[in-house]
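Please look over the structure below before reading on.

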Amino acid sequence: MTACQQIFAVADIANGMGSRLDPAEWTFLNTDLAVHIHPLPEGEWIGVRSENHYGRDGVGVSRGTLFDEIGPVAAIQQAQLVRRRSTPDIPN
């Protein structure tokens, strides 16, 4: 993967990270994603620090910073919808 591909792969999953909700019970739909990159990352590893805020209606926002092995390389912000997963009926 290129450096940009690595950044966007990690940025796309940041909306569910750090949540206190169980991902087995809740979905985190990323409805919009903004990524501001500078400089391009170096090395093989991308780290993420993110925080999530959402209301009772399930509308929220995630903000975060992406890092390479040297330091910060991108700022991200995502609009999101949080919804309870539907559980299929189990036949008796």
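With which residue does glutamate 25 form a salt bridge? The partner is arginine 84, and the closest N and O atoms of the two residues are 3.6 Å apart, a salt bridge being a side-chain nitrogen of Lys or Arg within 4 Å of a carboxyl oxygen of Asp or Glu. This is a predicted model, in which local features need pLDDT of at least 70 and side-chain atom pairs count only at pLDDT 80 or more, whereas totals for chains, interfaces and linings use all residues. Residues are numbered from 1 along each chain as its sequence is written, and side-chain values use heavy atoms, with hydrogens and water left out.

**Confidence**

- The average pLDDT of the chain is 87, and 91% of the residues score at least 70, where pLDDT is the predictor's confidence in each residue on a scale from 0 to 100.

**Salt bridges**

- The count of salt bridges under this rule is two.
- Glutamate 25 counts as partly exposed because its relative accessibility is 39%, whereas arginine 84, at 54%, counts as exposed; buried means under 20% relative accessible area, exposed over 50%, and partly exposed in between (1.4 Å probe, protein chains only).
- Arginine 63 and glutamate 51 also meet through their side chains in a salt bridge, at 2.8 Å from N to O.
- That pair again links distant parts of the chain, arginine 63 being in strand β3 and glutamate 51 in strand β2, 12 residues apart.
- Arginine 63 is partly exposed, with a relative accessible area of 36%, and glutamate 51 is partly exposed at 39%.

**The nonpolar core**

- The largest nonpolar core has 10 residues in all, namely Ile7, Val10, Ala11, Ala14, Val35, Ile46, Leu66, Val73, Ala74 and Ile76; such a core is a set of buried Ala, Val, Leu, Ile, Met, Phe, Trp, Tyr and Cys residues joined through side-chain atoms within 4.5 Å.
- At least two residues of this core come from each of α1 (3-13) and β4.
- In soluble globular proteins, nonpolar side chains tend to be buried together.
- Isoleucine 7 touches residues that include Val35, Ile46, Leu66, Val73 and Ala74, with residues up to four places away in sequence not counted; contact means heavy atoms within 4.5 Å.
- Isoleucine 46 lies in the loop between β1 and β2, and with a relative accessible area of 18% isoleucine 46 is buried.
- Beyond its neighbours within four places in sequence, isoleucine 46 is in contact with Gln6, Ile7, Val10, Pro41, Leu66 and Phe67.

**Buried glutamines**

- Glutamine 78, in strand β4 (residues 72-84), counts as buried because its relative accessible area is 1%.
- The side chain of glutamine 78 reaches the backbone oxygen of alanine 11 at 3.0 Å, which falls under the rule that a polar contact is a pair of N or O atoms within 3.5 Å; within protein, one must be able to donate a hydrogen and the other to accept it, and residues adjacent in sequence count only if both atoms are side-chain atoms.
- Among the residues in contact with glutamine 78, leaving aside neighbours within four places in sequence, are Ala11, Asp12, Asn30, Asp32 and Ser62.
- Glutamine 6, in helix α1, is likewise buried, with a relative accessible area of 17%.
- A polar atom of the side chain of glutamine 6 lies 3.3 Å from the backbone oxygen of glutamate 44.

**Strand pairing and backbone**

- Strands β2 (residues 47-54) and β3 (residues 59-67) pair in the antiparallel sense over eight bridges; two strands pair if DSSP finds at least two bridges between them.
- Histidine 53 stands opposite valine 61 in β3.
- Four residues lie between β2 and β3 in their hairpin, and glycine 58 in the turn has a positive phi of about 85°.
- The peptide bond from histidine 38 to proline 39 is cis, with omega near -5°, and proline 39 lies in the loop between β1 (26-37) and β2.
- Most residues other than glycine have a negative phi, and most peptide bonds are trans.
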